[in-house]
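Hello,

Here is the structure I promised to pass on. Please open it first, then read my notes below.

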Number of protein chains: 2
Amino acid sequence: MAVIERILMGPGPCNPYPEATAALGRPLLGHLDPAFLQILDETCDRMRVVWGTDNTLTLPVSGTGSAGMEAAFVNLVGPGDVVVVGVNGMFGERMCDVAGRCGAQVVRVDAPWGTPLDPQAVFDAHRSPKVMALVHAETSTGVRNDVAAVAAGKGDAVVLADCVTSLGGMPVAIDAWGVDVAYSGTQKCLGVAPGLAPLTIAAAAWLRRIPDPRSWYFDLGMIGEYTSPGSRKYHHTAPVAMIASLHAGLGALLEEGLEASWERHRACGLALQDGLQKLGLDLWAPEGHRLPQLTTVLVPDGVDDVEVRRALLDRYSIEIGGGVGPWAGKVWRIGCMGHTARPRNVTLLLSALSELLGR
Amino acid sequence: MAVIERILMGPGPCNPYPEATAALGRPLLGHLDPAFLQILDETCDRMRVVWGTDNTLTLPVSGTGSAGMEAAFVNLVGPGDVVVVGVNGMFGERMCDVAGRCGAQVVRVDAPWGTPLDPQAVFDAHRSPKVMALVHAETSTGVRNDVAAVAAGKGDAVVLADCVTSLGGMPVAIDAWGVDVAYSGTQKCLGVAPGLAPLTIAAAAWLRRIPDPRSWYFDLGMIGEYTSPGSRKYHHTAPVAMIASLHAGLGALLEEGLEASWERHRACGLALQDGLQKLGLDLWAPEGHRLPQLTTVLVPDGVDDVEVRRALLDRYSIEIGGGVGPWAGKVWRIGCMGHTARPRNVTLLLSALSELLGR
């Protein structure tokens with residue numbers, strides 16, 4: 001089978017850091033091998049730096065980003081618990097579905113897709129919810145929600161944040177903001193293949209966990225007994241190759257510097273958004289709430305969404321994403337995340353689009 | 001960090017096939033890329049061959065083997081459903097825990113660890129269970145349970161089989177046996193790193209599924225809409241690197257031939273078991289129900305379990321496993337699975353043990 005090399009500028013996965021790919025090719029270690037456990041511990045330490053947290057319970061869930069969502073909800077939400085969910089895109093919708101399956105009483109706070117949530121509306125939705133949940137970087141719309149503002153006014157609620165598309169690519173400060181539980185995915189701004197969900201949970205929220213969650217696989221109490229250096233009790237066989245890759249990807253990110261990574265994502269996103277506007281295209285997400293790492297742009301009138309994306313793939317081997325849900329066919333979603341967030345990729349995509357659109 | 005090269009002879013992971021490791025190092029593809037979807041479809045086709053099934057719903061669950069267990073139960077078992085579980089080791093115990101969290105009325109059928117289940121006892125446990133569940137190859141004890149016999153007498157029940165340690169290393173025939181749902185893991189006799197759970201479910205069992213399972217992440221209805229060539233509806237971002245690796249590992253296995261792989265596992269296991277007995281060691285699992293791919297042997301009197309395993313690791317870079325649960329410290333578990341199942345590894349381990357034990 002021919003090897004195909006893409007520039008991955010969709011909503012994820014991005015191109016992984018070369019260090020992350022190289023780690024996947026190294027000899028496999030057992031999940032209880034002292035050499036692997038050292039890699040695991042260092043991975044958790046590196047994740048704490050990237051999350052901006054001292055939380056003990058900071059670990060990679062053995063599944064993709066959505067597994068992180070399920071792990072967060074299933075350990076904190078039980079039948080009858082009131083969960084306020086901010087919904088302004090597909091991943092807010094998904095939170096309602098996941099919380100509902102945990103038996104929660106879900107209170108939705110909607111904002112139109114493509115606009116940010118109003119923190120005050122989240123506070124006003126219920127007088128004493130157990131959980132307030134929202135998505136930091138809505139991958140379906142390219143909109144940033146103000147997680148810090150929601151956390152600042154949370155009262156007695158647990159704040160649960162989806163940081164799948166934000167972590168590593170823009171400021172995330174779990175402890176400083178007072179976020180109680182958050183999860184991410186490896187395949188976005190962390191620059192690693194999809195397959196793991198970094199998750200962190202604060203000690204105070206952990207005291208309010210469901211003792212016997214509906215999920216065995218995502219039981220963070222049992223998983224924590226394996227990841228904790230003091231215990232190492234077997235739960236499930238850790239996905240050792242993917243964890244070694246995350247270890248290496250986080251190593252590359254931290255060698256560059258977390259703030260330098262944020263700045264690189266910001267600069268690439270701004271250059272892309274500026275260039276798209278110069279091509280006469282209209283951005284979807286509003287200024288001030290626009291994600292640099294995931295740009296949404298309206299498909300121009302008279303242009304065929306699928307045809308352009310297919311030409312990008314066939315002629316330039318560049319992947320960008322289409323719209324989802326009610327916005328399928330109406331927007332493109334262009335990621336500049338992880339190792340993909342390089343000026344040369346921005347320049348190439350803009351030139352390719354210019355050729356294809358004849359502008 | 002120095003690269004460490006182990007011979008992985010524990011209960012899993014094994015050493016992956018070189019083809020599977022090479023695939024992990026190839027450029028990443030997006031989860032909706034036509035080139036990746038072809039890999040996904042071929043992977044599902046190859047899994048059907050290895051499972052011995054025509055089941056449409058045959059797919060890799062995005063988690064480790066235990067994620068396969070959870071996916072199987074959560075889609076078939078709801079509150080109040082009667083589930084008979086055969087328990088003669090740790091993974092039978094785990095099935096009870098998982099089924100219980102689904103709300104099932106669990107009926108246990110116990111056999112002592114180290115002995116096989118009696119199929120008649122499974123039939124006698126309840127007159128009309130919804131599900132009869134058992135482990136084909138008990139990784140905790142090295143014992144084979146007779147899944148074919150249970151499936152042959154299932155009546156109206158759904159037979160749910162854990163094939164984590166059996167698939168690819170010994171005969172498994174889902175359709176011929178009449179097994180309704182089964183799952184495996186990639187890191188045993190399939191010769192791939194841990195991280196995916198191949199799963200298959202028959203059409204008749206699918207009709208009896210839980211329409212709204214408690215788990216969103218493991219909702220096989222939604223996952224099937226993505227893996228089905230006719231639909232491709234986004235559910236979660238597939239772990240593309242691991243799926244490409246499974247594709248390559250299954251390719252290597254099928255190029256050798258499924259029956260040739262079974263025979264290689266059988267021959268290596270027999271040679272190992274013969275050699276261990278010649279060293280004066282006692283095998284735990286009884287003849288006739290002894291797994292070739294996972295051998296359990298009693299730690300001899302006066303020998304320190306941990307010291308021997310550490311010496312194997314430090315001096316020979318060979319990993320073997322210790323006992324679990326009530327058998328911790330009392331047995332060793334020695335895997336000969338996937339790419340590890342080669343005569344040279346058997347010879348080396350026997351010689352190393354001979355040196356260490358002074359026999």
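The buried residues of α13(B) are Asn345(B), Val346(B), Leu349(B) and Leu353(B). Buried means that 20 or more other C-beta atoms lie within 10 Å of the residue's own; exposed means 12 or fewer, partly exposed is in between, and C-beta atoms are placed from the backbone. Seen down the helix axis, the buried residues of α13(B) fall within an arc of 100°, so they line one face. That arc is taken from the directions from the helix axis to the C-beta atoms.

This is a predicted model: local features need pLDDT of at least 70, side-chain atom pairs count only at 80 or more, and totals for chains, interfaces and linings use all residues. Residues are numbered from 1 along each chain as its sequence is written, while chains are lettered from A and ligands numbered from 1 in the order in which they are written.

Back to the helix. α13 covers residues 343-357 of chain B, 15 residues in total. Its first and last C-alpha are 21 Å apart, close to the 21 Å expected at 1.5 Å a residue. That expected span is 1.5 Å times one less than the number of residues. Helices (H or I, at least four residues) and strands (E, at least two) are DSSP runs, numbered from the N terminus.

What sits on the face turned away from the buried side of α13(B)? Exposed residues are there: Arg344(B), Ser351(B) and Glu355(B). After the helix comes Gly358(B), with a positive phi near 65°.

Now chain A. It has 13 helices and 13 strands. Of its 359 residues, 59% are buried.

Best wishes
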